[in-house]
Amino acid sequence: MTTYETIVLGSSPNALTAAAYLARAGQRVLVLESSLHIGGAVTTTTFAGEFQGDTSFTSGRLDDSIVKDLKLQQHGLEVIERNSISSLLPDGRSFTLPSDRTAATEVIGSFSPNDADRYEKFMALVDLASDFLKSAYTMTPQAHPPTAIDAQHMMTLVSKLRGYGNREMTEVMRLLVMSVRDLLEEWFESPQLKGLLGSVAVRGLPHGPFAGATTFNLLHHLAIGDGYFRATAKGGVGSITKALAAAAKSHGAELRTGAGKVTVVITDGVATGVELASGEQISATQIISDYDARYTFHQMVDPPELEPEFNRAVKRIRYNGSVARINLALSGSPEFAGITKEALRGTLTLAPSIAYLEKAFDAAKYGEFSDQPFLEVTVPTESDPTLAPSGKHVMSVWLQYAPYRSNTPGDRLLELTLDRLSQFAPALRSQVLHSQVITPQDYEQQFNLTEGNLYGGDMTLTQAFYLRPVPGFAQYRSPLKQLYLCGAATHPGGGISGLGGRNAVNEIGVRDLALAAKD
Amino acid sequence: MNNHKYDAIVIGGGHNGLVNAAYLAKAGKRVLVLERRHTVGGATVTEEIYPGFKYLIASYLISLLRPEVINDLDLARHGLEIMPLESTFVPLPDGNYLADWPDHDATKMEIARHSKRDAEAYDEYARTMRRLAVALRPLLDMIPPDPTSVSPKDLETMARVRGVLDQLSQEDFYLLSRLMTMSAADFLDEWFESPALKGTKATSGVIGSFMGPRSPGSGYVLLHHYLGEVDGVFRTWGFARGGTGALSQAIASAAREAGVEIKLDASVARVNVKNGAATGVTLENGDEYSADIVVSNADPKRTFLKLVDSQHLPEEFVHDVKRYRISSPSCKVNLALDGLPEFTALPKGKEALLRGSIEIAPSVDYLERAYDDAKYGGWAKKPFMDALIPSLIDPGMAPPGKHVMSMFVQYASSDLEGGWNEEKKAQFLDTVIDTMAEYAPNLKDLILHKHIMTPWDLERTFGLTGGHIFHGELALQQLFFLRPSPQWSNYRTPLKNLYMCGSSTHPGGCITGAPGRNAALAILEDRP
């Protein structure tokens with residue numbers, strides 16, 4: 001039987017980040033991926049023979065420190081910025097918000113001069129709040145009662161908050177708990193601007209913008225650098241995982257794909273290794289699971305190994321995957337009314353108002369599928385022609401809400417998407433050569449994402465910080481000795497930041513090694 | 001022109017204004033309460049709009065009245081008699097029903113009829129909610145700290161808040177953290193499976209709030225209503241003999257005994273300001289009253305956007321007041337009835353159930369759809385209702401053999417598209433009665449008189465902005481040290497000598513008396 005110091009289960013950016021850091025520190029590390037591709041759901045794969053499509057996320061930005069520490073540029077990471085976000089408006093008006101704030105103010109002015117006046121102040125406030133969140137994101141969440149390290153973290157955060165100034169301090173606190181509808185109504189009057197800015201707050205969330213605490217999800221996306229102005233990598237987001245994999249390998253980590261269903265071997269309450277579908281067993285000193293908590297503890301571990309109370313907490317985690325991905329292979333560059341060629345390199349959003357987003361969600365609440373969806377559209381080939389044969393294009397659509405519970409067939413989602421987008425790009429249907437639809441069911445079946453949730457569990461305050469993935473186990477540990485979590489299920493949650501992986505390594509390294517040294 | 005000098009003037013004789021005045025007077029202050037209407041109580045009134053029938057035109061139940069207030073003001077001696085509501089009756093569309101009784105075991109057996117599992121979970125649920133409510137109660141009586149301040153007093157209060165959280169067990173700390181941020185529906189799903197039980201429980205998460213039970217944030221409102229629970233059985237709400245107006249009369253009587261002067265039909269037009277400090281008020285009729293301090297029982301929008309000239313206030317504060325959320329989905333319907341409504345779902349021998357709450361809330365989805373209908377500026381096609389037949393509890397509420405029915409109704413938007421008018425009022429009233437008649441088919445034949453208070457009527461009648469019964473949403477960004485505005489949650493205002501004492505201050509709405517009492521404590525700190 002082969003032995004490793006660490007086995008990492010799964011190979012999303014968090015898993016590979018953890019593996020790379022551990023290997024860099026000299027550990028013997030094995031990464032095991034159940035599916036055929038390194039990256040799990042964060043991959044760019046070939047569809048229709050000659051087109052490259054992202055499987056789940058089409059954007060994401062690893063934390064700067066990870067890019068630097070692991071020298072990812074040397075391993076082929078080339079960031080492509082998306083410097084604008086455009087709103088698809090039913091009346092055909094052009095509304096492209098550039099990342100440059102002065103230029104953005106000018107654009108907003110044509111919708112509302114008042115809003116233009118407030119835009120920079122608003123962005124400054126959300127910058128502050130997301131900056132605060134970012135600080136919390138680089139720390140292990142506290143336990144209750146807090147340890148000495150926790151108290152230190154709290155002090156750091158409180159001083160950070162105080163440092164913003166009194167008024168700013170309470171404003172940031174309000175933002176964290178507010179509904180995004182409430183927030184935007186305080187600042188702006190233009191429905192178009194509110195729709196566009198509010199859409200990020202419901203991205204990936206099974207809630208509408210009227211719901212309490214939705215601003216938190218907006219700040220989350222901003223904190224991980226994936227808010228309004230997003231980034232991808234040359235070759236698609238899959239290149240991010242490829243670069244990470246290369247870095248991990250360069251430090252000696254081994255990567256295996258196609259491992260099939262993996263279970264954790266538990267001996268006397270201690271995770272001692274894994275067993276593959278083939279029956280092969282591999283032992284390790286520690287196992288780090290990148291999978292979500294429900295999959296890890298109810299599929300990879302035999303539930304009787306865990307206390308009933310813990311199993312109940314795992315069962316209570318809310319997943320409700322509500323996003324489908326649609327990739328289209330196009331014969332040419334799509335033409336949208338009011339969208340310039342330059343804006344096609346950015347993100348296009350169908351969210352003309354807050355009420356539109358809420359209505360998109362209304363059906364989902366009852367487990368039904370809304371025919372008035374919230375869409376985010378990118379045409380990655382506009383900035384990266386390598387993703388399609390010459391002259392051809394790939395269009396990628398994030399469709400929400402397609403609730404897991406509704407189990408809506410892919411062809412219906414495709415039809416609806418084409419219907420909606422054809423209102424803005426009349427020639428679109430005639431340009432479609434092929435299509436690929438990935439539903440929440442597909443995510444669950446192909447990548448073991450519970451209920452197809454791409455974020456390892458809803459990004460709500462109820463499942464954030466010291467409550468993520470379950471209360472009492474937010475320190476990347478599990479009730480089983482030597483079994484850890486590092487994925488989107490852990491703090492700071494979903495997205496391609498890699499912070500979960502890095503935090504987990506720090507936590508396991510710092511606290512456990514300190515403890516081990518004491519023993 | 002008259003001029004009179006007082007230590008304190010309280011604008012508005014709502015229950016909190018009266019409580020505030022009584023506490024100040026007991027501390028030796030010369031206090032004047034100015035009430036716009038012909039009677040004290042604000043929204044806590046009983047009115048005979050149709051001869052012989054006493055209507056609860058706004059608030060209808062007492063659940064959270066602070067025991068300190070009852071004791072300190074000796075309200076029992078002043079005529080307050082709270083009769084516990086015996087039960088809740090939830091008729092269901094399929095002809096079945098769910099009931100809860102004052103007796104825990106009887107309720108458990110009843111729940112078992114719907115789900116054995118729920119009956120088992122119910123014990124633990126009741127214990128847990130009670131435990132949380134008891135643990136958090138000290139927060140209700142606190143003057144909220146300013147988290148940005150490093151003054152010894154604020155640091156001490158913050159330490160007390162931490163103390164409250166620290167004494168929670170690990171399990172309760174996590175549960176509280178989750179409940180504060182989640183939806184009532186999600187929370188109840190963790191406990192129960194029966195749609196009827198979840199429906200009736202979820203009502204506590206949405207009463208008075210413009211949210212559905214699936215909105216995160218409704219979990220807190222649920223907890224808010226449990227803070228008044230006294231003995232672990234469902235929600236224990238009380239009914240004041242003579243209606244909620246009798247409570248106001250009792251507080252007014254205590255206040256008068258302590259020396260408070262109460263002026264009715266005295267509508268305040270503005271707060272007078274000299275040298276950056278409040279000096280008194282001027283009434284609509286031109287009369288002026290001066291005082292060392294002025295306390296407003298009105299909501300912040302009314303106080304700071306109408307009564308105080310905004311030139312006296314910091315721009316930032318005016319901004320905070322403007323953004324304060326106060327849209328409301330709540331209406332009140334009263335019916336004068338020629339006899340008792342007969343509920344199809346009510347089994348023979350269980351007529352006693354009509355003496356309690358009658359709740360039309362058969363499921364979480366029912367409530368959520370009612371919210372969906374209203375949230376874009378409409379009203380619920382099938383509204384949620386919390387009804388009472390006060391004349392069964394207190395026969396003095398209607399002539400012999402006749403009855404009154406009080407119905408708290410949600411959702412109908414204060415931001416109704418096109419605004420409310422007589423025609424729309426009549427239409428919504430029909431919707432309410434039609435919905436209730438689905439459960440009590442003889443209802444329509446019994447109606448002698450009907451009366452509705454829409455959010456606009458509540459605003460016009462009582463001066464509640466947006467008709468909001470809690471003086472503003474119990475949204476997370478409007479709680480505790482953020483209510484009504486960051487840095488001004490301690491009952492003080494940026495205008496010197498002006499204070500707030502209404503439901504827009506901590507701990508918020510319902511008939512608690514806590515804002516009135518806490519504000520008096522804050523005032524007495526400043527002016528012993």
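Predicted model: local features only at pLDDT ≥ 70, side-chain atom pairs only at ≥ 80, totals over all residues.
Local features need pLDDT of at least 70 and side-chain atom pairs count only at pLDDT 80 or more, while totals for chains, interfaces and linings use all residues. Residues are numbered from 1 along each chain as its sequence is written, with chains lettered from A and ligands numbered from 1 in the order in which they are written.

| Property of chain B | Value |
|---|---|
| Span of the C-alpha trace along its principal axes | about 65 × 55 × 50 Å |
| Share of the 528 residues that are buried | 57% |

A residue is buried if 20 or more other C-beta atoms lie within 10 Å of its own, exposed if 12 or fewer, and partly exposed in between, with C-beta atoms placed from the backbone.

Within helix α6 of chain B (residues 170-181), the buried residues include Ser177(B), Arg178(B), Leu179(B) and Thr181(B), and the buried residues of α6(B) pack against α7 (184-189) and α9 (218-226) of chain B. Helices are DSSP runs (H or I, at least four residues), as strands are (E, at least two), numbered from the N terminus.

Between the chains, 26 residues of chain A are in contact with 28 residues of chain B. On the side of chain A that touches chain B, α6 (166-177), α7 (180-187) and α13 (354-365) of chain A each supply at least two residues, and α6(A) gives the most, with five residues.

Notes. Contact = placed C-beta atoms within 7 Å. Expected span 1.5 Å × (residues − 1).
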